[in-house]
Amino acid sequence: MEKFLRIDRRIIFAIITVAVIVSLILRFELPIPASEPVHGVYEKIESLPKGSHVMISFDYDPSSKEELQPMAVAFLHHCFSRDLKVIGMTHYTGAPGLADQAMNSVASQYQKKYGEDYAFLGYKPGNASLIINMGENMYSAFPKDFYGNDTTTLPVLQGVDSLRNLDFLFDLAAGTSIETWIVYGKEKYKFELGAGCTAVMGPDMYPFLQSKQLIGLLGGLKGAAEYEALVKKKANAVSGMRPQSVVHVIIILFVIFGNVVYFTTRRARHA
Amino acid sequence: MRKDSNFLILVGTIGLFVCVNIFLMASGKLPLSFDGFGIILGAGLTFAVYSFLYKDNPAFKIAENLYVGVSLGYTIVITWFNFLKPDLYDPLIVPMFSKASEKAPQYALIFPSLLGIFMLLRFSRKLSWLSRWTFAFVVGLGAGISIPRVISAFILEQIKPSLRPVFSGGETILSSINTLLIMLGVISVLIYFIFSVEHKGTIGKFSKIGIWFLMISFGASFGYTVMGRLSLLIGRIQFLLRDWLGVLQ
């Protein structure tokens with residue numbers, strides 16, 4: 001029995017990998033009911049009239065792409081299907097490529113025009129100071145967009161001189177950007193804020209839901225899958241929930257098995 | 001002998017990877033274009049990084065160093081084209097030195113630029129004292145802006161829901177239980193972190209409840225972390241099965 005306590009961890013890695021591959025190949029449906037925080041973001045977008053301005057802050061890089069890119073795509077589907085004006089920006093140097101790809105690919109499916117229906121302002125450093133600058137004067141914070149166009153000439157930005165003029169801001173975060181948006185943006189410029197974050201950050205964000213500083217939250221791949229299901233655009237996140245669920249069951253079994261083996265061997269040793 | 005077998009495993013894996021790619025390209029599953037080579041590169045780097053789970057090896061080291069180099073290069077290019085060029089070079093340097101420019105130079109940008117350059121003077125023994133001016137500016141401004149806002153957003157706004165009445169009429173029984181649990185959690189965890197009083201008697205009991213709340217919170221965090229790490233693995237396997245091998249639709 002004691003040999004199970006010294007099992008080579010590579011065997012566990014192999015079991016997990018096989019479980020992921022098999023559950024991706026075998027197609028079976030699992031229910032994905034949307035939780036209350038995910039509904040918060042969805043209902044907010046549903047409540048906005050056509051032409052409302054929504055800003056997406058793509059604050060992640062390729063290392064968090066697997067969790068946050070599906071959220072970005074599902075959220076963009078929702079915004080474009082409701083004819084909202086979408087403005088993108090990022091605090092991360094690694095994000096422009098991902099944000100640009102997500103915005104252009106989804107916008108083209110709804111025949112949206114760059115500059116009129118959506119725009120990507122690109123990357124700017126500064127975090128807190130950038131947010132304060134955007135709150136005071138959006139055109140001074142971003143004189144040019146990602147493609148070098150003068151932002152004062154972009155029709156999509158008409159009427160958005162400051163963060164105050166936004167109808168909703170959605171932050172996709174892999175770091176501390178949600179807190180930064182709350183402290184330096186929402187508190188002063190009073191816009192509605194929702195967020196999507198990596199699963200690791202999820203538990204830390206729940207207090208902001210309770211205090212209503214966030215109106216909704218998408219946590220990790222599960223949050224992305226729930227949003228994909230809500231907007232009826234099932235893609236990577238929904239298909240990723242099958243292996244997620246299977247592997248979680250395997251991990252629970254491993255934990256039970258490990259404890260049983262541990263207590264059995266301990267009892268045998270004391271006997 | 002052991003070193004030789006590791007070398008053989010590495011060469012064998014690379015050989016197998018090459019053969020699979022030749023087959024995929026010959027059978028038309030992978031396009032013979034930059035996109036196709038990009039997918040092969042992505043698949044190769046994915047295997048190289050995950051090979052660390054078996055053992056540290058040269059393929060992992062190459063992928064690791066490549067990641068650091070590429071991300072730094074990418075950062076420099078993005079920072080130049082998204083920040084330095086439109087915010088400093090175009091409005092200040094170009095009008096100063098180009099007679100063809102119609103716009104007047106924005107001389108106000110000289111002051112923050114100088115502060116930025118001073119920061120880099122930390123590398124000079126003679127002039128490093130100038131960097132203190134920049135630090136003084138950053139610390140002073142940062143503290144002035146941050147302190148009131150952080151207190152407002154993180155303390156005052158967080159205290160409000162903790163002070164919500166348990167029974168004010170209109171709420172459900174479950175929401176009242178939730179409010180009670182939050183109150184119990186806040187008080188017991190705060191008591192656990194009072195180290196100037198010995199944790200005995202009533203204080204000790206509340207402190208134990210606080211430990212339970214902390215343990216549940218750590219468990220939730222760990223569960224979410226497992227989910228997050230698995231999501232990354234699932235994403236990579238989806239890429240390998242769908243984009244590289246074409247097994248998934």
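The side chains of A:Asp83 and A:Lys112 form a salt bridge, with N and O 2.5 Å apart. A salt bridge here is a side-chain nitrogen of Lys or Arg within 4 Å of a carboxyl oxygen of Asp or Glu. A:Asp83 sits in the loop between α3 and β2 (85-90) of chain A, and A:Lys112 in the loop between α4 (96-109) and β3 of chain A, so the pair ties together parts 29 residues apart in sequence. A:Asp83 is partly exposed, at 30% relative accessible area. A:Lys112 is buried, at 16%. Buried means under 20% relative accessible area, exposed over 50%, and partly exposed in between (1.4 Å probe, protein chains only).

## Basis of the model

This is a predicted model: local features need pLDDT of at least 70, side-chain atom pairs count only at pLDDT 80 or more, and totals for chains, interfaces and linings use all residues. Residues are numbered from 1 along each chain as its sequence is written, chains are lettered from A and ligands numbered from 1 in the order in which they are written, and side-chain values use heavy atoms, with hydrogens and water left out.

Helices (H or I, at least four residues) and strands (E, at least two) are DSSP runs, numbered from the N terminus.

## Domains of chain A

Chain A is assigned domain 1 (2-27 + 244-270) and domain 2 (36-234). These bounds come from an automatic or database domain assignment. The C-alpha centres of domain 1 and domain 2 of chain A are 39 Å apart.

## The parallel sheet

Chain A has an open sheet of 6 strands in the order β3-β2-β1-β4-β5-β6, with parallel pairing. The edges are β3 (118-123) and β6 (217-219) of chain A; each has a single partner strand, so one side of each lacks a neighbour in the sheet. On average, neighbouring strands of this sheet are turned by 15° against each other, direction ignored. Two strands pair if DSSP finds at least two bridges between them.

Strands β1 (residues 53-59) and β4 (residues 168-173) of chain A run parallel and are joined by 6 bridges. A:Met55 is placed opposite A:Leu169 in β4(A). Helix α8 (residues 202-210) of chain A lies across β5 (193-197) and β6 of chain A, at about 165° to β6(A). Axes are lines fitted to C-alpha atoms, for helices over the stretch in contact, and angles run from 0 to 180 degrees between N-to-C directions.

## A:Glu66 and chain B

A:Glu66 belongs to helix α3 (residues 65-81) of chain A. A:Glu66 counts as buried, at 15% relative accessibility. Neighbours within four places in sequence aside, A:Glu66 contacts A:Leu221, B:Ser231, B:Leu232, B:Gly235 and B:Arg236. Contact means heavy atoms within 4.5 Å.

## Other salt bridges

The count is 16 salt bridges over all chains. One joins the side chains of A:Glu29 and A:Lys234 (4.0 Å, N to O). A:Glu29 is in the loop between α1 (9-25) and α2 (36-47) of chain A, and A:Lys234 is in the loop between α9 (220-230) and α10 (236-270) of chain A, 205 residues apart. Both A:Glu29 and A:Lys234 are exposed.

In chain B, B:Lys200 forms a salt bridge with B:Glu198, the closest N and O atoms being 3.4 Å apart. B:Lys200 is exposed at 59% relative accessibility, and B:Glu198 is exposed at 57%. Salt bridges with shared partners join A:Lys50, A:Asp83 and A:Lys112 into one network.
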